[in-house]
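Please have the sequence and the model open.

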Amino acid sequence: MRTSSRFALFLITTVLSLLSETAVAETDEKQLDTDPGCFVKGFSERLNCGFVTVPENYEQPEAKQIEIHYAVIPSIQENSQPDPLLILAGGPGQAATELTPMIARIFADVRKQRDIVLIDQRGTGKSNPLSCDVNRPDELVRSDDEQALDEVAAECLAQYPDVDVTQYNTPNAIRDFERVRETLNIAQWNLYGGSYGSRVGLKYLQQAPEAVRTATLDAVAPPQVVIGPFGFNGSLAFDNMLQDCQQQKPCVQRFPNLKQQYNQVMESLAQESVLLDTEDPLSAEPIKIRLTPGRFSSVVRLALYNPATRQLLPYAISEAKTSNYKPILGLMGGTTTAVQNSIYLGLMLSVVCREDLPRATESLLQQDANNEFIGGKTAQAFVDLCKGWQTTPAPADFAEPVTSEKPILLLSGTQDPVTPPRWADIAARTLPNSLHVIAPYAGHTIAGHTCANKIVAQFVRSGSVKALDTQCVKQRKLAPFVLNANGEGL
């Protein structure tokens with residue numbers, strides 16, 4: 001079971017980075033029990049599925065064992081190439097197999113010649129999942145300041161007394177993936193990692209380079225940077241959106257004081273939050289939501305991830321200024337449903353609280369909070385959560401730059417509010433055989449909403465970053481902003 005409480009749903013939307021699209025695809029467990037074939041919801045074809053047994057603690061190989069779940073989307077051509085595409089899911093906390101329909105669509109060209117392998121990272125999906133069921137029936141009507149995030153994390157942790165959460169980390173995930181590779185008798189992978197998955201890809205290149213033929217890293221988060229403090233990058237992306245509105249005459253005429261309106265909404269909600277009647281996006285049951293500055297700003301920040309929701313922001317902000325919160329509720333329903341369907345909170349905390357937050361110095365946190373958009377809300381949420389999630393810091397060398405001679409394709413979007421292009425530039429300094437492709441007017445994980453998936457297919461076919469045709473992403477244009485409830489402007 002994934003995170004089920006509405007509290008955790010809103011918590012995650014406040015603090016998380018994730019892929020720009022999600023698609024739920026639960027495997028048929030009865031089918032898995034009888035043979036290696038399985039089906040997933042949302043995908044009509046039969047997959048090859050299975051489990052590989054691994055030690056929870058690789059330093060104690062004879063002790064507790066856990067099962068790692070995988071699914072293989074078979075190639076369309078009979079004589080397929082022997083090096084499949086391995087999907088490294090984002091989050092941290094996404095289950096790769098639950099993205100099957102989306103992955104099959106995005107990488108249809110790759111699939112013509114190669115299998116696509118999806119492995120649920122330990123702590124997600126069917127790989128000993130670390131989900132959280134925290135029953136707080138009044139959480140939506142309380143203010144942000146009343147949420148004791150350390151208690152929430154501690155309650156989640158208490159549900160797993162027999163789990164050593166220190167073992168649910170990036171290096172062990174790669175060890176698991178290697179066990180699956182050996183089980184499937186695969187000599188090399190082609191990696192695709194989006195968002196946190198890009199970090200897994202970089203560590204894979206460092207930890208098991210002989211297993212990698214090519215690596216595509218989309219929305220790059222190198223180990224040198226700290227995941228969690230998203231205030232500064234979010235602020236830059238918000239200012240970018242404001243500037244884009246200024247460049248479009250219909251937008252600036254319709255919303256001439258957009259930043260001022262955003263600030264006024266934040267100030268108004270700080271003085272008095274608003275209790276809204278709406279429906280649960282999953283069950284359609286009537287619920288009440290208290291809209292606070294934290295919730296409002298988190299919805300706006302998450303909408304910046306994808307151009308399709310970014311286009312709605314000027315209208316949604318302007319309407320919120322007039323106390324019409326329906327557009328914000330619409331954005332809230334879409335983003336929270338996607339997150340709830342895809343994130344395993346226990347794994348997210350096991351990774352971030354071990355590998356990132358211990359490196360978040362007071363100076364870094366202060367610098368990240370020095371913005372007028374969301375301040376330091378996301379970083380502080382992680383700080384509080386990690387107080388209740390007992391783990392140990394990763395070794396100091398975890399944050400060292402990854403050096404590799406392998407062919408590596410780096411992908412970035414100029415509108416990305418969480419993993420900006422400069423992060424890929426940081427990674428590229430020690431990747432001499434890499435190419436960084438930046439898509440203008442694109443958001444987070446650009447393979448999902450630009451022609452970058454076609455470039456990935458080229459790259460995997462050739463096995464080289466040389467002579468790739470990347471012109472299609474450079475031809476992207478700024479999409480018009482929505483001007484009213486009728487969709488005028490599109």
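## Terms and basis

Two strands pair if DSSP finds at least two bridges between them. Strands (E, at least two residues) and helices (H or I, at least four residues) are DSSP runs, numbered from the N terminus.

The model is predicted: local features need pLDDT of at least 70, side-chain atom pairs count only at pLDDT 80 or more, and totals for chains, interfaces and linings use all residues. Residues are numbered from 1 along each chain as its sequence is written, and side-chain values use heavy atoms, with hydrogens and water left out.

## The sheet

The sheet is open and has 9 strands. Their order is E1-E2-E3-E5-E4-E6-E7-E10-E11, and the pairing is mixed. Strand E1 (37-40) and strand E11 (434-439) stand at the edges. Each has a single partner strand, so one side of each is left without a neighbour in the sheet. The twist averages 25° from one strand to the next (axes are lines fitted to C-alpha atoms, for helices over the stretch in contact; angles run from 0 to 180 degrees between N-to-C directions).

Strands E7 (residues 212-218) and E10 (residues 408-413) run parallel, paired over 4 bridges. Here Leu-217 has Leu-410 of E10 as its bridge partner. Helix H7 (residues 196-207) packs on the sheet and touches E4, E6, E7 and E10; contact means heavy atoms within 4.5 Å. The direction of H7 makes about 145° with that of E6.

## Strand E4 and its neighbours

Strand E4 covers residues 85-88. It joins E5 (residues 116-119) through 3 bridges, and the two run parallel. E4 also pairs with E6 (residues 189-194), again in the parallel sense, over 4 bridges. Ile-87 has partners in both neighbours: Leu-118 in E5 and Tyr-192 in E6.

In a regular strand the side chains alternate between the two faces of the sheet. In E4, Leu-85 and Ile-87 point one way, while Leu-86 and Leu-88 point the other way. All four are buried (under 20% relative accessible area; exposed is over 50%, partly exposed in between; 1.4 Å probe, protein chains only).

## Disulfides

The whole structure holds 5 disulfides, each a pair of cysteine sulfur atoms within 2.5 Å. With the bonded cysteines numbered in sequence order, the pairing is 1-2, 3-4, 5-6, 7-8, 9-10.

Cys-132 and Cys-156 form one of them, with sulfur atoms 1.6 Å apart. This pair links distant parts of the chain, 24 residues apart. Cys-132 sits in the loop between E5 and helix H5 (149-158), and Cys-156 sits in H5. The S-S torsion of Cys-132 and Cys-156 is about -45°, so the disulfide is left-handed. Cys-132 is buried at 1% relative accessible area, and Cys-156 is buried at 1%.

## Two further disulfides

Cys-245 is joined to Cys-251, S to S 2.0 Å. The torsion about the S-S bond of Cys-245 and Cys-251 is about -100°, so this link is left-handed. Cys-245 is buried at 1% relative accessibility; Cys-251 is buried at 1%.

Cys-353 and Cys-386 also form a disulfide, their sulfur atoms 2.0 Å apart. Cys-353 lies in helix H15 (residues 345-355) and Cys-386 in helix H17 (residues 377-387), so the pair ties together parts that are 33 residues apart in sequence. The link of Cys-353 and Cys-386 is left-handed, with -85° about the S-S bond. Cys-353 is buried at 6% relative accessibility, and Cys-386 is buried at 17%.
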